[in-house]
Each structure stands twice: as C-alpha cells, then as structure tokens.
Amino acid sequence: MRYEELMSGVAVVRRAGPSEGGGPTIRGVEYDSRRVGPGSLFIAMRGGTTDGNRYIKKAVEQGAVAVVTDSDAAFADTVERLPDVAVAEIPVGAGRRALGAIASNFFGQPERRLKLSGLTGTNGKTTTAFLLDAMLNSANRKTVLVGTIENHVAGVVRPAPHTTPESRDLLELLRDGVDAGATEGVMEVSSHALAQGRVHGLPYDVAIFTNLTQDHLDYHGTMENYFAAKRALFDGELGAAPRVAVINIDDRYGAELAVIAREAGAEIFSYGLGAGEFRAQGAEMGASRMRFRLAAPAGEVEVQTRLTGRVNLYNLLAAAGAAYARGLSLEQIAEGAAALQCVPGRFQTVDAGQPFTVVVDYAHTDDALRNLTALAREFVGGKSRVITLFGCGGDRDKAKRPKMGRAAGEGSDFVVLTSDNPRSEDPEAIMRDALPGLLETGTKFVAEPDRARAIRIAVEEARPGDIVLLAGKGHEKEQVLQHGTIPFDDAEVAADVIRAALGVRA
Ligand SMILES: Nc1ncnc2c1ncn2[C@@H]1O[C@H](COP(=O)(O)OP(=O)(O)OP(=O)(O)O)[C@@H](O)[C@H]1O
Ligand SMILES: [Mg+2]
C-alpha cells in the first residue's frame, strides 16, 4: 500500500521526503523498532517508559521507509540525516490516535467489517467476554475474542500478551478474523487502554459495563479519574456512542453511566439480580455448576452453566444482555451458556473422577484468596473441608506475602504453602515471608516448595466432599524459577495426580 493512502485521515503538522507516485510502498506498520523490517512505516511516539523517537535511526537501518513522529526535534533530525525517508510530524499526544488510524488503513479497516462488543469494568471482563463469545458461537457466528487469557480468531486460540493490545496489534487480530470469516468482535477494554486512547475510533455496536471498585487506583489516582476512563466507552468520546449499552445497575456507578450513555444516544439494556431488564431468578449453585431462570424483556429461559457463584450470575446476565443486543434468541443464549466448559483458570474445576472438588483459580492477592475461599465455603457441607494450596510470586510486592498467608489460613481448614513463580528469588525464603500471617491463624498446614509435590499433598489430603483450591497460577502454562522456566499447568498436574491416586486406590 502506498504511503499517501495510508496517511489519509491522519492529522499532520508537517511532512517531508519522497512523495512522488503516492510515496514509498509500505509493507508493514510498526511502533516497536524491533519489529521493523524492509518497507515498514515506523511510528515513533513518546510512551510511558520509552521514547520511540530514540529508535528512528535503528528502524531505518532495519528497512523502514517512512517515519511518523510526535517530536519536533526528531522530525528535523530525520529530514536532515535521512533524506530518502518519508517523514511526517504529528501533534504531541496524538501518537496512539495516529497509530490507530494508520493501522486501520493498512489492515483494510477491519473494525468496520465486524460488529464489535466492548467490555469494561474492574472485574468480570474476561469471564463475560468468554460467555458472550460462546453464545455468539452457538448461534453459528464466527468471532474474534480479544482478552487477557487468550485471543480467539474464528475458533483458533492464540496466547494473549496484554489485556488490550496496542491498536495496531488489535487491528491486525481483527483483520485476521475478518479474513477467516468472523463477523463479530468481542473485546475486553481495560481502563488503561481507554485512558491511553488505544481503542479510539473503534465503532462499538455494544458496550458492556460490569462494575467499578477500588482496583487500579495506583494508575488512575482517584475513583473519578477511573470512572472518567471507563465512561469513554459509553459517552461518544471514542468517536460515537455504542448502539446499545449493557449496564449493571446494581453497581453504584452503573446508574450514573446509564444516564450518560442514554444522553449520548445509546439504547440501555440494564441488568441486576433484583432490578433491570435482564435478571436472574431462582438460582441454584453447586461447586461446579449452577442453574437459574433468565428473565429478559422477551420472556424467560432456563440457564444451566458450569460457572458458579454470585459474581458469575452477574457475568451471565451481562453476556446475555449483550448477546440479546446482537440479535440472539433466549434459546441461543442458554445454549451458549451451557456450551462454555470453563474460563481457563477462573474457578476452573478439574474432574478426573475423584469424589471431591478440585478448583484451579488465579487468585494471587490476599483479597482474591479471601473471595475464593469464601466461595468454596458456600459449597462444602457439614464436615467437609476447604483445602487451599498457594504461594507468593517472587520479585513482587513482599508486603502482601504475610497477608496472603493470613487470608489462606483464615479461609481454609488446611493449607499447603508452596511456590508460585519464585522468579529470581529463593523459594524457601518466599515461603518464610508468608509464614507469619499463616501461623497467626492456627490453621494446620504443610510447606513444600515443589509445586507438583505440593499439589499431590493437597489432593491426598482431600476426603470425599472436600474442596481443594489450587490458587495463584490459574491458566498459566509455565512456572518461572531461578534457573529457568519450566512447563507447568496446575490443572494438568492435578488431573495426573488424581488419576495416579485413583489407580492406586482401585
Ligand atoms: N462480575 C464480577 N464481580 C465481581 N468480581 C468478579 C466478577 N466476575 C469475576 N470476578 C472475580 O474477579 C476475578 C477475575 O475475573 P475476570 O478475569 O473475569 O475479570 P477481569 O475483569 O477480566 O480481570 P482482569 O482485570 O484481571 O483482566 C475472578 O476470579 C472472580 O473472583
Ligand atoms: Mg481480564
């Protein structure tokens, strides 16, 4: 594609360099100089940690034929030293917007060839996105799912490096989806992505708000700033308001957001446990499944799902509202909910035929451990026990270690203290840091730094009816140790251990 075509719709301050015949032919658009190859257009912008403008020379050495910069000085310098390169200067702060516009042109505006649903909120984005994806798939629609755990491109799973990728990478994913026949895009939109304008210009058909609580305040400073970032998905700030806004009105910020979205022109689909257009009635929950009646404007339907707990009731309502907005019937919604086996690492049950429940969950903070053990407690009857395995990550906040120990001890009847990702630290030393909190609770425990052995201890401790919680690593497929990274999957290790144990018992 020609340079001129690519730059259409991009506001520039000034330009220089070759322009005859529409400028150089562009074979790629990159913002990371390490990915630049022959024929690339390199967008150099000031970011949070590095300034891309420092890498212009390197990018050109690697073959970049065009440069877009947000720096006055870098523009002048490039014009002088690299006269063969097409250069454009864009206003300071417009880098990410330009990246989005240029990448959209480069990838053939895939965002206009899909119906996009965007999810935002503090918790439940990944789970709700998986549910909506499953619902759309059960109605035979091909999808692109962009999320924290993994991306799905028309049925093919790819690992996901960030919650919301940079616009360029996001657009490439959408393009791949369009090429593979997808007609729907489902994406988690983090507040960081909204605040940084990484999704600017994306035309969301449906926007979903799950909830807003005091997380991520380290980044946003105040709840007001945090809310301001989230509302951008609903108030038209990205270019246009969504056609439909699906909003949790049990959340204190939801009601406020509904007013904002309606004023911006969106139709509102509200949901909640007691109030709203989408409600859940007569819920029955078990440790590995749940059923309830979904009440919607068009009627009611019985929903059965492998997700469980109150928070997942909310996630199901959110996904149902969005799926309904995308034109699915209540039956298709119920089918999709039943089809989803699990969200990897989110209260994921491991069933290898054992007479007790084993759950893999990525809870890796004291708060998350408290929620996880409390949820497990709801499902264990009378004499049954909650057995929790956990560890603390190395090279990360040490202050949270004793707090995690306390949370695990308080919520459990038996604890197995082990390693998470020790990284460069000594596993035994990390375990010692968690001990004071755990000891204060007086809960019985075993300490075993080898995670596989620890999982065996936890499983062997379980009696019929108990719940074993394997916390911390969730969907991760590796463990990061001092001397390297090894393949490691909690769910797989647990299933192996159980099968071996059952074999021995039989
Ligand atoms: N609707 C909800 N309300 C409150 N908590 C929830 C909700 N859904 C899930 N959770 C809790 O939050 C955890 C994370 O869920 P999920 O991965 O779906 O959220 P997320 O918004 O994608 O999070 P992240 O910001 O880490 O990507 C779950 O393990 C669960 O304990
Ligand atoms: Mg997520």
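Modeller: Happy to! Let's start at strand β23 (residues 478-481) and strand β24 (residues 484-487), which pair in the antiparallel sense over four bridges. Helices (H or I, at least four residues) and strands (E, at least two) are DSSP runs numbered from the N terminus, and two strands count as paired if DSSP finds at least two bridges between them. A hairpin of two residues leads from β23 to β24, and E478 faces P487 of β24 across the pair.

Some ground rules before we move on. Residues are numbered from 1 along each chain as its sequence is written, with chains lettered from A and ligands numbered from 1 in the order in which they are written. The model is predicted, so local features need pLDDT of at least 70 and side-chain atom pairs count only at pLDDT 80 or more, while totals for chains, interfaces and linings use all residues; side-chain values use heavy atoms, with hydrogens and water left out.

Next comes an open sheet of six strands with mixed pairing, in the order β17-β18-β22-β19-β20-β21. Its edges are β17 (348-350) and β21 (444-447), each pairing on one side only. On average, neighbouring strands here are turned by 20° against each other, direction ignored; axes are lines fitted to C-alpha atoms, for helices over the stretch in contact, and angles run from 0 to 180 degrees between N-to-C directions.

Helix α15 (residues 427-441) touches β19 (386-390), β20 (414-417) and β21, its direction making about 165° with that of β20; contact means heavy atoms within 4.5 Å. Helix α16 (residues 451-461) lies across β19, β20, β21 and β22 (467-471), at about 180° to β19.

Stepping back, the chain is divided into domain 1 (3-105), domain 2 (109-339) and domain 3 (348-502), with bounds from an automatic or database domain assignment. The centres of domain 1 and domain 3, taken over C-alpha atoms, are 48 Å apart.

There is also an open sheet of 11 strands, again mixed, ordered β9-β8-β7-β10-β6-β11-β12-β13-β14-β15-β16. Because β9 (156-159) and β16 (299-305) stand at the edges with a single partner strand each, one side of each has no neighbour in the sheet. From one strand to the next, the twist averages 20°. Within the sheet, β6 (residues 115-120) and β10 (residues 184-188) run parallel, joined by five bridges, and S117 finds its partner in V186 of β10.

Helix α10 (residues 252-263) lies across β11 (204-209), β12 (244-248) and β13 (267-272), running at about 165° to β12. Helix α11 (residues 310-325) lies across β11, β12, β13, β14 (278-285), β15 (290-296) and β16, at about 140° to β14.

On a 1 Å grid over the protein atoms alone, a cavity is a set of points where a 1.4 Å probe fits but cannot get out, a pocket is an open set with protein on both sides within 12 Å along at least five of seven lines, and lining residues have an atom within 4 Å of a point. Searching the whole structure turns up one cavity of 30 Å³ or more. The largest cavity holds about 40 Å³, a volume being the space filled by probe spheres set on grid points joined across faces, edges and corners. Its lining consists of M135, F292, L294, V303, L316, L317, A320, I333 and A337. β15, α11 and α12 (330-339) each give two or more residues to that lining, and α11 has the largest share, three residues. By class, the lining has nine nonpolar, no polar and no charged residues; Ala, Val, Leu, Ile, Met, Phe, Trp, Tyr, Cys and Pro count as nonpolar, Asp, Glu, Lys and Arg as charged, and the others, Gly among them, as polar.

Finally, the second largest pocket lies between domain 1 (3-105) and domain 2 (109-339), because both give residues to its lining.
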